[in-house]
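Biologist: Hi, I'm new to this one. Could you walk me through it?

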Amino acid sequence: MSHSRSDRPGGAFAPHEPLAEALLPHATSSDDGSHDVAHLARVWSNAAAILAEEGGAAEVVAAAALLHDCVTVEKNDPMRAQASRLAARKAETVLRDLGWDGERIAAVAHAIEAHSFSAAIPPETLEAKILQDADRLDAIGMVGVARCFYIAGRMGSGLYDPADPEAAWRPLDDKRFAIDHFENKLFKLAAGFQTRTGARLAELRQARLRRFYDEFLDEI
């Protein structure tokens, strides 16, 4: 009897299913649907596409993709900028318990620390660059749009300021208005990709993001 990847907990992380099944119980720590197992699977899918062209240590990237959000800090929490460091420390413990050696643990921890936009830690290894690109690809394009509005609803934000939706006469405030997050952050992400493959994929998603923004404004 054949099985789809949804039949197996780690199936979305092929060819690293055993690793995924070992790490998934440690991988998420909240009910945030924008940082759930589906997000982890998309990040791995993005990373696998980049690995295929750029090379790199695939198992290190897979472990980092699985554990990069293992400590979740809400977007409106003052500790948000520390989330990736906290996740890296937890990942170190989890991987040490699995018998990973110190060098590979350090490689995973650095990739996790450096993936975060708010942490502002430069990625120094190819694996860290791949994880950062893979995670940021999930923040732009149509999935990025969906995640943006999901998080805005979770935070109790409005869709837009009806008096000035494009923030022509006011400061951008993405804590109050979801659409402000596009100019405040999302449109800036495409310029910061670390790998050639990531940058190429980002260009396509950036165009989708811009198209949504323009059509959204046209409707209001």
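Modeller: Helices here are DSSP runs of H or I with at least four residues, strands are runs of E with at least two, and both are numbered from the N terminus. This is a predicted model, where local features need pLDDT of at least 70, side-chain atom pairs count only at pLDDT 80 or more, and totals for chains, interfaces and linings use all residues. Residues are numbered from 1 along each chain as its sequence is written, and side-chain values use heavy atoms, with hydrogens and water left out.

Biologist: Ok, where is Pro 15 found?

Modeller: Pro 15 is in the segment before α1 (17-23).

Biologist: Which helices hold Phe 149 and Phe 182?

Modeller: Phe 149 is in α7 and Phe 182 in α8, 33 residues apart.

Biologist: And is Phe 182 buried or exposed?

Modeller: Phe 182 is buried, at 0% relative accessibility. Buried means under 20% relative accessible area, exposed over 50%, and partly exposed in between (1.4 Å probe, protein chains only).

Biologist: What sits over the ring of Phe 187?

Modeller: The charged end of Arg 210, 3.8 Å from the ring centre. That label needs NZ of Lys or CZ of Arg within 6 Å of the ring centre and within 35 degrees of the ring normal.
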